[in-house]
Amino acid sequence: TVPVIIDTDGGVDDALALIMALNSPQLDIKAITVVAGNINVEQATNNVLRVLSIVQPHTWPIVAKGCEKPLVKPLFNAAGIHGADGLGELDRFVQADGTPRYPQLNIEPSTDNAIDVILKAAQEYGDRLLIVTLGPLTNLATAIQQDAAIMKQIGRIVIMGGAVTVPGNITPAAEFNFFVDPDAAQVVMESGIALTLVGLDVAMKAPLPRQLVEDNLQRRPDKVTQFIADCTEIYMAFYRDYEGFYGCYLHDPLAMAVAIDPSLVTTESLYVMVETKGRFTTGLSLADRRDRRDHQNNPPNAEVCLDVDTQRFLKLFAQLV
Ligand code: BDR
Ligand code: CA
């Protein structure tokens, strides 16, 4: 098994990715570190603890709270898409007897800070460590700024973020995670760490229809399938109303799937930079895709996922979720 840290901003597709990871025999999840993004870091941490309490894994990973806001920009959240709590507004669901289906938790996160947890794991596991990021890159960038040498020793970071060959989602130019903290994304791109970029290029090729979630709940009604149906309701309604299909994209689960099985995607080594000051383009991930690339000054810094075997991915997703 591979020692893994998952860095997440606690949203709906983050929850699906966490469930996948917790059920994956290949991954040994040492810690879940939390960052502000879809929702504030306090609530995002609560959401992660909630997912753990529903899945009830044999061993609980450390859950550590990280950065409250991006390096430079103010926080821009996605409560309009993931629900006011960042997780589909779970408080509205009640059981037959009128009690809440998702009662308040009385679990606390670790007293350690996410950055310390990341640096400690980098030191302990070195090039065996895999980090999967599902939110803005603020925690990772902060860890790199604190100790670049230790961070350089880690094996790889699989990043859900960016859009290299397709338009953005939150703006015409930018994918959400890169838009929220472009300065952090740029620090990570420049870090010299081995990176895999799982961006909208592949995420938009693998939508999950609502019907599959409903069928799953019918076939195997349990705490987890009920939670998946509940937490995705508002998120999928957003796609139904604004994108014209009833379902959702599986951004974060796809990044997790690539961490589990890299053969699901085809990649190209590219030099990617992130726009931090654009008037219209902040958060844009710009890859040097010219025929005559400037390898001297711009050597490739990431494996960028450009295609995905959608059927095989959805099969793995269904197996683990
Ligand atoms: C990313 O933005 C977030 O809202 C999702 O959780 C995902 O990580 C997709 O652009
Ligand atoms: Ca996310």
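# Briefing: the ligand shell, the sheet and the covered helices

The shell around ligand 1 is made up, by class, of four nonpolar, six polar and four charged residues. The structure described here is a predicted model, and the UniProt record, in an unreviewed entry, places the feature "domain: Inosine/uridine-preferring nucleoside hydrolase" at residues 4-314. Over residues 4-314 the chain is 38% helix and 18% strand, with the end C-alpha atoms lying 22 Å apart.

**Around ligand 1**

- There are 14 residues around ligand 1, and those that come nearest are Gly 11, Asp 13, Ala 78, Phe 176 and His 251.
- Three helices, α1 (12-22), α7 (176-180) and α13 (251-260), each supply at least two residues of this shell.
- Helix α1 is itself mostly covered, since 11 of its 11 residues are buried; among them are Val 12, Asp 13, Asp 14 and Ala 15, and Asp 13 also belongs to the residues that come nearest to ligand 1.

**The eight-stranded sheet**

- Eight strands form an open sheet with mixed pairing, and their order is β3-β2-β1-β4-β5-β6-β12-β9.
- The edges are taken by β3 (62-65) and β9 (265-270), each of which has a single partner strand, so one side of each is left without a neighbour in the sheet.
- On average, neighbouring strands of this sheet are turned by 25 degrees against each other, with direction ignored.
- Strand β1 runs parallel to β2 and is joined to it by seven bridges, with Pro 3 standing opposite Asp 28 in β2.
- Strand β1 is also joined to β4 by four bridges, again in a parallel arrangement, and here the bridge partner of Ile 6 is Val 132 in β4.
- Strand β4 in turn pairs with β5 (residues 156-160) in the parallel sense over four bridges, and Leu 130 stands opposite Arg 156 in β5.

**Covered strands and a helix across the sheet**

- In a regular strand, side chains alternate between the two faces of the sheet.
- In strand β4 (residues 130-133), Leu 130 and Val 132 point one way while Ile 131 and Thr 133 point the other way, and all of them are buried.
- Strand β1 is mostly covered as well, with five of its seven residues buried.
- Helix α4 (residues 114-125) lies across β1 (2-8), β2 (27-34) and β3, and runs at about 150 degrees to β2.

**Helix α8**

- Seven of the eight residues of helix α8 (residues 182-189) are buried, so this helix is largely enclosed by the rest of the structure.
- The buried residues of α8 are Pro 182, Ala 184, Ala 185, Gln 186, Val 187, Val 188 and Met 189, and they pack against α5 (138-146), β5, α7, β10 (272-274) and β12.

**Single residues in helices**

- Ile 81 is placed in helix α3 (residues 79-82), and it counts as buried because it has 21 C-beta neighbours inside 10 Å.
- Leaving aside residues up to four places away in sequence, Ile 81 touches Tyr 235 and Phe 238; the C-alpha atoms of Ile 81 and Asn 38, which are 43 residues apart along the chain, are separated by 8.5 Å.
- Glu 42 is found in helix α2 (residues 41-55), and it counts as partly exposed because it has 14 C-beta neighbours inside 10 Å.
- Although Glu 42 and Gly 66 are 24 residues apart along the chain, their C-alpha atoms are separated by 9.2 Å.

**Loop residues with positive phi**

- Gln 56, in the loop between α2 and β3, has a phi near 50 degrees, a positive value in a residue other than glycine.
- With 10 other C-beta atoms within 10 Å, Gln 56 is exposed.
- Glu 89, in the loop between α3 and α4, has a positive phi of about 55 degrees although it is not a glycine.
- With 17 C-beta neighbours inside 10 Å, Glu 89 counts as partly exposed.

Definitions and conventions:
Residues are numbered from 1 along each chain as its sequence is written. Chains are lettered from A and ligands numbered from 1 in the order in which they are written. This is a predicted model: local features need pLDDT of at least 70, side-chain atom pairs count only at pLDDT 80 or more; totals for chains, interfaces and linings use all residues. A residue is near a molecule or strand if its C-beta atom, placed from the backbone, lies within 6 Å of it. Ala, Val, Leu, Ile, Met, Phe, Trp, Tyr, Cys and Pro count as nonpolar, Asp, Glu, Lys and Arg as charged, and the others, Gly among them, as polar. UniProt positions are given in the numbering used here, feature names are shortened, and annotations may be inferred rather than shown by experiment. Two strands pair if DSSP finds at least two bridges between them. Axes are lines fitted to C-alpha atoms, for helices over the stretch in contact, and angles run from 0 to 180 degrees between N-to-C directions. Two residues are in contact if their C-beta atoms, placed from the backbone, lie within 7 Å. A residue is buried if 20 or more other C-beta atoms lie within 10 Å of its own, exposed if 12 or fewer, and partly exposed in between; C-beta atoms are placed from the backbone.
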